[in-house]
Amino acid sequence: MSNSGWNSKDYKKFDEQRAKEYAAIANEVFAPIYPVIARQIMERCGVDSGLCIDVGCGPANLSLALAQLTSLTFCAMDFSPHILDFAQANIDRSGLAARVITVVGDVHRMPLPDAVASLIISRGSMRFWRNRPAAFREMWRVLEPGGKGYVGGGLGSSLLAEEINQEMIRRGADWQNKPKPHARKNDTAEWQKIMAKAGFSRYEIVCDDSGSWVYFEKEGSQGGMGN
Ligand SMILES: C[S@@+](CC[C@H](N)C(=O)[O-])C[C@H]1O[C@@H](n2cnc3c(N)ncnc32)[C@H](O)[C@@H]1O
């Protein structure tokens with residue numbers, strides 16, 4: 001049994017070594033979840049064109065899976081330049097380099113103008129954010145009127161989660177992402193707290209087999225799901 005080395009508990013910011021370890025896990029173990037989550041995003045958000053920002057994109061697997069289903073262009077953004085090296089390698093291999101670019105950026109202060117994005121996605125990054133309400137306000141800023149957001153974490157389905165759980169244990173990881181169906185009630189309360197602090201009045205929480213997500217939509221000046 002080899003130890004994968006990656007332990008989500010002691011994460012700070014991916015250095016070169018941690019970026020390499022996480023990229024291997026994303027590419028080898030998590031690979032089947034991204035097309036499933038991309039379909040879930042499409043079903044919920046239905047955004048097929050414009051700019052999508054993938055916040056905390058890691059090796060850009062979710063951007064690339066969603067690019068296969070849509071005509072969106074992608075800004076795959078992460079605050080670790082080391083993980084973006086692996087993102088770029090995945091993008092180059094995918095043949096989708098004309099539609100997916102990488103950007104170094106922190107969710108709390110994105111290097112992007114107001115109202116540029118028709119879609120914001122983020123998987124597995126939020127639990128590392130130092131100020132989640134501020135991050136949501138920042139995502140709101142870069143979202144165009146009518147734009148949608150889908151942010152959270154999950155492994156696609158309970159079946160995929162169980163398979164990944166087994167594989168991570170087999171690899172000897174100190175695995176913190178075990179499926180936790182009993183935690184859904186807590187997740188809902190946690191989302192409500194974050195979104196209230198962020199000043200969002202309307203949003204939808206999705207806590208089911210797909211994971212724990214929040215969906216929001218920025219209506220025009222008429223109001224809408226957000227603030
Ligand atoms: C567990 S990985 C998930 C990567 C990818 N979204 C996926 O689903 O495979 C978390 C990522 O979030 C990034 N991240 C954490 N905090 C961030 C922040 N404040 N701004 C931007 N990226 C951040 C990390 O560098 C890391 O690449």
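1. Helices (H or I, at least four residues) and strands (E, at least two) are DSSP runs, numbered from the N terminus. The structure is a predicted model, in which local features need pLDDT of at least 70, side-chain atom pairs count only at pLDDT 80 or more, and totals for chains, interfaces and linings use all residues. Residues are numbered from 1 along each chain as its sequence is written.

2. His108 sits in the loop that runs between β3 (100-104) and β4 (117-123). With 14 other C-beta atoms within 10 Å, His108 is partly exposed, where 20 or more would count as buried, 12 or fewer as exposed, and anything in between as partly exposed, with C-beta atoms placed from the backbone.

3. Setting aside neighbours within four places in sequence, His108 is in contact with Arg130, Asn131, Ala134, Ala135 and Glu138, a contact being two residues whose C-beta atoms, placed from the backbone, lie within 7 Å. His108 and Met139, 31 residues apart in sequence, are 8.4 Å apart in space, C-alpha to C-alpha.

4. Around the ligand there are 19 residues, of which Gly56, Gly58, Phe79, Gly124 and Ser125 come nearest; a residue is near a molecule or strand if its C-beta atom, placed from the backbone, lies within 6 Å of it. This shell divides into 9 nonpolar, 7 polar and 3 charged residues, with Ala, Val, Leu, Ile, Met, Phe, Trp, Tyr, Cys and Pro counted as nonpolar, Asp, Glu, Lys and Arg as charged, and the others, Gly among them, as polar.
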